[in-house]
Amino acid sequence: MSIDKDQEEQKNDVGEDGQKKGRGLFGRLFGRRKKSVDGPESELEPESKLKIESEEDSVAPQVSVEDKSEGQVASGTLEGDLSVESEAELNAESELPSGQFSPAETGVVVELEDGALAEGLPETEKASFIDDVESVVVESLATTEMPESDSTVDSGADATPDKKEKRGLFSRLKQGLAKTRNQFVGTLDNLFYGDKEIDEEFLEELEEILLTSDLGVKTSYRLFSQIEEKVSHKELENPSHLRDFLQSEIGAILSKAEADWEINEKPYVIMTIGVNGVGKTTTIGKLASIFTKQKKKVVLGAADTFRAAAVEQLTVWAERAKVPIIKQSMGADPAAVAFDTVQSAIKREVDIVIIDTAGRLHTKVNLMDELKKIKRVLGKALPGAPHEVLLVLDANTGQNAITQAQTFHEAIGVTGLVMTKLDGTAKGGVVVGVCDQLGVPVRYIGIGESIEDLRSFDSKDFVHALFDKV
C-alpha cells in the first residue's frame, strides 16, 4: 500500500503537463518506430517509453546508461555518448517490462527505441532534457527514414553535371538580361496581349517599339519592312505569330555573328581596343583567368600607359589569374610595350598574349592613329600578329555602341566583339544591331562582375533568355 501511495504522489508531482510531454512527440515517434520495426507484436507495447520521476536531492544533471544485462550503471554527462544495447539483449535479459522502472529509481529515466537508458536529471532539468532528446530523435528520423528514396535518387541521377551547369549558366544569362527583356519584350507582349487585329494603328505602335529598343535604326526598319510585307500577304494575322516571327528573325541575325574562336597560332596575340570606361582591363583579366583554366600559358602586356593606375589595375588582375605581365613606367611608348610583350612571349613559349591599350574616343583621329601604330609594331614583332583585334563595347551606351563599332572597324579592322555590362542596362538590344550591321562575331558577353559572368556568346541561349515570358 505504501508503494502504491508513493507512486500516486510521484505521479501527482509530475502533473498533467509532464504527462503530456511524456506522451508527446517523443513518445509518439518511438511508438511508431517500434511498430515499424517489431511488426504486429509490438502494437501491444505502450505508445511512449518516457518515464519521469522526481529527484529533489540531485545536484548536477547527468545522463546514466543502464546495462540491463550486467545490472550496472555507467554515468556520464549529457554531452557524452550514450551506450546502445541491441534489442536482442534487452528482450533476453531485461527484468522489467519495456517502458516501466522501479519506483525506487530516482531522477529522469528515458528509454530510447534501441533500449538505451538515460537517468539522473533533477526536476528542474526535465523539460529541457526532453526537448533536447526529442529534437535529436526528430533529426535522426529525418535522416534515416526516407520513403521512396530510390525514386528520388534515380531521378536526380538522370541530371548529369553538364546539364546542371548548363541550366545554371542559362539562369544567370536570363537574370542578366532581365532589364532588356522587361523593356523590349515586355513592351511587345503588352502590345500583343489580347484578341487584337494587326491593323495600321497596331503597326505604328510596333514600329515605335522597334525604333526605341536600341536595335539600331537600320535593323529596326529592316525587321519592320519584313513584317509589313508578311502582313500584306496575309502570312501574319495573329499577334502571337508576330512574336514568334520576331524571335526567329533576331535569332537568325545573332546566329550569323556566332563563330568558334579558333586559337591556332602560338603565341596567339589578342589586341584589345575600345573607348574609355567600357571595361577593357577587367575583361582582359577575366579572359586571362578563363584561358588559364583551359591549361594555356598566358602573358599580359600593359600598353595602356596613359591612364592613371591602368598598369596597377592590370597587375592586380595578373596576380589573380597567376600570369606574368610585361609593363613599363607611366608615359612609356605603348607600341614599345606591345613589342616587348610579344618578344617575351616567344621566348617563354606562351600560348596567348593579351595586349591592353588605352581607352580613346572613336572621334579622335590622333588616338586612332596610335592604335594603328601599335598594330603595325605587333606585326613586326610577330608576322601575322595581332591574330585577333577584340573590340570591347559597353551595352549601356545603347545605339552609340553601333557607331563606335563601325568607326573602330573602319580604322583598325575588328575581328571580334565583347559586349559588357548587359546586366545593368535595358539597352541590351544593341547586340542585335551591332551583329546585323558589322557582321563581326561576338566572342563574349558580360552579365555580371564575377569571372563566371563573362561567358561565351551563344545565340540560341541569348534569344531564348531575351524572349522568355516576362
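Where does Pro386 lie? Pro386 lies in the loop between helix 14 (365–381) and strand 10 (388–394). Helices here are DSSP runs of H or I with at least four residues, strands are runs of E with at least two, and both are numbered from the N terminus. This is a predicted model, in which local features need pLDDT of at least 70, side-chain atom pairs count only at pLDDT 80 or more, and totals for chains, interfaces and linings use all residues. Residues are numbered from 1 along each chain as its sequence is written, and side-chain values use heavy atoms, with hydrogens and water left out.

**The chain as a whole**

- The protein chain has 17 helices and 13 strands.
- It has 470 residues, and 45% of them count as buried. Buried means under 20% relative accessible area, exposed means over 50%, and partly exposed is in between (1.4 Å probe, protein chains only).
- Take the contacts in the protein chain with a separation of 6 or more: residues 24 or more positions apart account for 74% of them. Contact means heavy atoms within 4.5 Å.

**The nonpolar core**

- The largest nonpolar core has 103 residues. Such a core is a set of buried Ala, Val, Leu, Ile, Met, Phe, Trp, Tyr and Cys residues, joined through side-chain atoms within 4.5 Å.
- In soluble globular proteins, nonpolar side chains tend to be buried together.
- Phe184 and Leu300 have the most contacts inside this core.
- Not counting residues up to four places away in sequence, Phe184 touches Ile209, Leu210, Ser213, Leu215, Ile250, Leu466 and Phe467.

**Helix 7 with helix 8**

- Helix 7 covers residues 178–192, and helix 8 covers residues 200–211.
- Their axes come within 10 Å and cross at roughly 175°. Axes are lines fitted to C-alpha atoms, for helices over the stretch in contact, and angles run from 0 to 180 degrees between N-to-C directions.
- Helix 7 and helix 8 are therefore roughly antiparallel to each other. Angles under 35 degrees count as roughly parallel, over 145 as roughly antiparallel, 65 to 115 as roughly perpendicular, and the rest as oblique.
- Helix 7 brings Phe184, Thr187, Leu188, Leu191 and Phe192 to the contact, while helix 8 brings Phe202, Glu205, Leu206, Ile209 and Leu210.
- By class, the contact of helix 7 with helix 8 has eight nonpolar residues, one polar and one charged. Ala, Val, Leu, Ile, Met, Phe, Trp, Tyr, Cys and Pro count as nonpolar, Asp, Glu, Lys and Arg as charged, and the others, Gly among them, as polar.

**Helix 9 with helix 10**

- Helix 9 (residues 217–232) packs on helix 10 (residues 239–256) at an angle of about 135°, with the axes 11 Å apart.
- Helix 9 and helix 10 are therefore oblique to each other.
- On the helix 9 side, the contact uses Thr219, Arg222, Leu223, Gln226, Ile227 and Lys230. On the helix 10 side are Leu242, Phe245, Leu246, Glu249, Ile250 and Ile253.
- The residues of this contact divide into seven nonpolar, two polar and three charged.
- Phe245 sits in helix 10. Phe245 is buried, with a relative accessible area of 10%.
- Leaving aside neighbours within four places in sequence, Phe245 is in contact with Gln226, Ile227, Lys230 and Leu236.
- Phe245 and Leu223 are 22 residues apart along the chain, and their C-alpha atoms are separated by 9.7 Å.

**Residues in loops**

- Asp304 is in the loop between strand 7 (298–302) and helix 12 (310–321). Asp304 counts as buried, because its relative accessibility is 3%.
- Not counting residues up to four places away in sequence, Asp304 touches Ala310, Val311, Asp356, Thr357, Ala358 and Gly359.
- Gly279 lies in the loop between strand 6 (268–273) and helix 11 (280–293). Gly279 is partly exposed, at 23% relative accessible area.

**Backbone details**

- A cis peptide bond joins Ala385 and Pro386, with omega about -5°.
- The peptide bond from Lys266 to Pro267 is cis, with omega near -5°. Pro267 is in the loop between helix 10 and strand 6.
- Asp214 is not a glycine, yet its phi is positive, near 65°. Asp214 is in the loop between helix 8 and helix 9, and it is buried, with a relative accessible area of 13%.
- Glu349, also not a glycine, has a positive phi of about 55°. Glu349 is in the loop between helix 13 (334–348) and strand 9 (352–356), and it counts as exposed at 57% relative accessibility.
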